[in-house]
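Biologist: Hi! Could you walk me through this one in plain words?
Modeller: Happy to, here it comes.

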Amino acid sequence: MARNVCLIAGGMSHWGVRQATQRDLFQEAGKACFDNIPALSNKDVDGLLVASAYTERCSFQTHLAPVIAEYLGIKPQNICARVELLCASGSSGIILAYGLIKAGIADVIMVIGGEMLYTPQRWEVQYSELASVDHDWDGTQGLGLPPPAFSMVAQQHMQKYGTTEEQLAMVSVKNRRNGLSNPKGQFQQEVTLEEALNARAIVPPLKLYDCCPITDGAAAVILASEEKAKYYTDKPLVYVKGSGQATLNNMSANMPSWTTWEALKIAAKQAYTKAGVQPSDIDVAQTHDCFTISEIIEYEDLGFCEKGEGGHFIEEGHSDIGGTVPVNTDGGLLSCGHPFGGTGIRQGIEIMKQLQGEAVKQVEGARTALTHNLSGFIAAHTVIIYGRDI
Amino acid sequence: MEGISILDGKYAATMDMYPLQSKEFNMIYKFYDYLREGRFTTTKCKDCGTRSFPPRIICEECLSENLDWVDLPTGGTVKVVTEEVRGVPIGFDDPLIHALIDLDGELTYFARVINCQAGELKPGDRVKLAVFPIDPLPVDGRKGEIIKQERVFFAFEKED
């Protein structure tokens with residue numbers, strides 16, 4: 001019989017440009033996660049999923065899960081493996097843990113993810129990322145780092161729907177403000193609208209604060225069957241209610257539409273259907289704000305507003321604290337940074353805190369929440385819905 | 001004892017984004033052979049008629065191996081231009097210019113535009129295929145000899 005699954009603990013390392021090794025970061029995150037749930041010890045975990053995309057390239061380490069298990073004193077009995085879907089590796093780990101626990105294959109799984117990207121030499125980051133796209137066909141066109149693609153998306157969205165550079169900048173201003181009180185994030189600095197609009201160009205119209213940074217860091221969560229969750233914690237239970245993960249193309253030449261993300265709509269529909277909720281039921285969301293234009297399109301394709309209205313949605317404050325759906329309440333990628341394998345897990349932690357009533361920027365009475373990642377060349381989308389009710 | 005002396009004078013081929021292009025290393029070598037002739041090609045299924053891109057060895061629609069090589073247009077019209085001024089990958093010049101190019105209705109391709117200064121390229125401009133040599137890749141021969149694999153690649157450039 002399928003069981004209910006809960007997210008019961010979470011913690012992360014400091015994120016930023018770190019003077020540390022990959023295994024240092026995973027230890028920091030693992031400890032922070034265990035410290036979040038005193039009744040559960042590392043010996044109680046029967047499964048481990050490790051999410052990391054650049055472990056081979058940047059740390060020359062394959063077979064990563066047993067390395068992390070050894071360092072965290074975990075002795076998995078039911079699953080011990082690595083998961084990779086670049087920017088959505090962490091969310092993929094959470095979906096897999098959800099399925100394994102639901103099916104009775106494991107009871108208590110840690111999902112830990114992160115990257116040590118600024119290594120061995122800092123300049124290599126910009127070369128390493130050529131592996132993120134279709135290496136033979138898009139990488140060879142110099143499309144490794146994503147800003148050109150998102151600039152192209154932004155230009156088309158602006159032309160088609162009248163979205164403005166000010167509206168893009170407002171996403172950055174909001175998320176930097178939300179991240180101010182997040183001690184683990186890469187930035188705790190406010191950015192004004194004027195600063196964002198006058199920042200140096202990266203790929204016009206995208207400027208410095210329209211782009212998330214490259215980040216070293218890790219994050220961990222623990223998922224458990226409802227029965228085990230009740231045993232280990234007295235906090236309000238946070239259920240995984242449903243998920244979707246979709247891809248329609250990988251190479252840029254096969255993208256069905258640049259301004260409507262069809263794979264996101266499919267993933268969202270799957271997640272909403274399985275969770276039995278509507279977009280209007282979502283009280284708080286963490287979406288993939290790798291660029292400001294991404295968050296605007298995500299409002300639309302997740303169904304928080306009509307197509308083309310994303311610019312107005314941010315401008316009218318609907319995604320801010322106190323709005324209809326506060327988005328990226330912990331600062332998002334724009335403020336926390338983006339160590340690929342860690343991002344979906346950071347989102348899960350913030351949603352868990354929101355639903356437990358323990359978030360720093362608490363959305364009062366939040367009961368249903370959502371996370372979203374895009375990965376690669378806008379090539380795959382991952383949506384998970386969490387809730388206090390099942 | 002020094003650190004990684006084994007790498008002295010060697011070329012870390014896996015860090016190169018350009019594939020090996022000869023028959024010995026790549027089953028779609030004809031793409032590169034045709035590219036040397038100035039042709040931009042891909043595969044089309046003889047059974048179901050699906051035209052794929054990138055070229056491949058099976059049809060993704062019907063899984064047939066019965067494929068033909070067909071020509072794509074070598075010219076197109078620029079729809080969107082992007083100019084990357086920061087964070088350009090190693091091996092590419094700054095600013096790195098890309099364009100979403102409509103290859104006369106056959107394919108919409110986001111590709112690099114070379115021989116072009118910042119501010120020069122505009123939506124509506126015509127561009128054409130540009131083929132150029134890239135660094136040859138040393139590969140091990142049978143008796144320990146090093147063979148240089150000649151390679152080419154492509155981008156687009158403004159029509160005259």
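Biologist: What domains does the assignment give for chain A?
Modeller: Domain 1 covers 5–122 + 215–232, and domain 2 covers 142–214 + 242–387; the bounds come from an automatic or database domain assignment. This is a predicted model, where local features need pLDDT of at least 70, side-chain atom pairs count only at pLDDT 80 or more, and totals for chains, interfaces and linings use all residues. Residues are numbered from 1 along each chain as its sequence is written, while chains are lettered from A and ligands numbered from 1 in the order in which they are written.

Biologist: How many residues of domain 1 of chain A are in contact with domain 2 of chain A?
Modeller: 33 residues of domain 1 of chain A, with 31 residues of domain 2 of chain A as their partners. Contact is when C-beta atoms, placed from the backbone, lie within 7 Å.

Biologist: And which element gives the most to that side of domain 1 of chain A?
Modeller: α4(A), with 7 residues. Helices (H or I, at least four residues) and strands (E, at least two) are DSSP runs, numbered from the N terminus.

Biologist: New topic: what does Val221(A) touch, leaving aside neighbours within four places in sequence?
Modeller: Val221(A) is in contact with several residues, including Leu7(A), Cys33(A), Val111(A) and Ile349(A).

Methods. Two residues are in contact if their C-beta atoms, placed from the backbone, lie within 7 Å.
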